[in-house]
Amino acid sequence: FATLNSGNFEVPQDRTRLFVIGRLEKEFSFPSFPSNSPKVLLKEAFEDLPRLENGATIDFVRYSHVASSVYAKSLRGVLDTCGNHFVTNSASHIVERYKSVPPGGNWQDIP
């Protein structure tokens, strides 16, 4: 078993999870990461995505602008559209609650 943080593996979030591996035959070693590897910021992953309205049901949408980060460019490749952006149609009072959650916050920040 090992505890790994996704932020150490070029994922734009800090999320620590316990991984348990069971094998009968061969040894297993968890991946290591370079300690000098720069963290990927959420902004680098999301800044070129289109803004969608509450309840949007448009599947494929053009990117809002040119990818400016190396990370976004690597994810996008040669694509000029992105897909699978169906947005939950939240009630207006729920949308207002979202505004109470600061960057890095969670449901406990909602008054």
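Modeller: Asn 5 counts as buried because its relative accessibility is 17%; buried means under 20% relative accessible area, exposed over 50%, and partly exposed in between (1.4 Å probe, protein chains only). This is a predicted model, where local features need pLDDT of at least 70, side-chain atom pairs count only at pLDDT 80 or more, and totals for chains, interfaces and linings use all residues. Residues are numbered from 1 along each chain as its sequence is written, and side-chain values use heavy atoms, with hydrogens and water left out.

Asn 5 sits in strand S1 (strands are DSSP runs of E, at least two residues, numbered from the N terminus). Skipping neighbours within four places in sequence, Asn 5 is in contact with Gln 13, Asp 14, Arg 15 and Thr 16, where contact means heavy atoms within 4.5 Å.

Now for Phe 1, in the segment before strand S1, which spans 2–5. Phe 1 is exposed, as its relative accessible area is 77%. Together with Leu 18 and Val 20, Phe 1 makes a nonpolar surface patch of about 410 Å².

Elsewhere, the structure holds one aromatic pair. The ring centres of Phe 28 and Phe 30 are 5.0 Å apart with planes at 90°, so the pair is edge-to-face (centres within 6.5 Å; planes over 60 degrees apart). Phe 28 is partly exposed at 40% relative accessible area, and Phe 30 is partly exposed too, at 24%.

Conventions: Patch = residues over 30% accessible without salt bridge, like charges linked within 9 Å, V, L, I, M, F, W, Y side chains within 5 Å. Areas by Shrake-Rupley, 256 points an atom, 1.4 Å probe, with all protein chains shown as cover. Salt bridge = Lys/Arg side-chain N within 4 Å of Asp/Glu carboxyl O. Helix = DSSP H or I, 4+ residues; strand = E, 2+ residues; numbered from the N terminus. Phe/Tyr/Trp six-rings, centres within 6.5 Å; stacked < 30°, edge-to-face > 60°.
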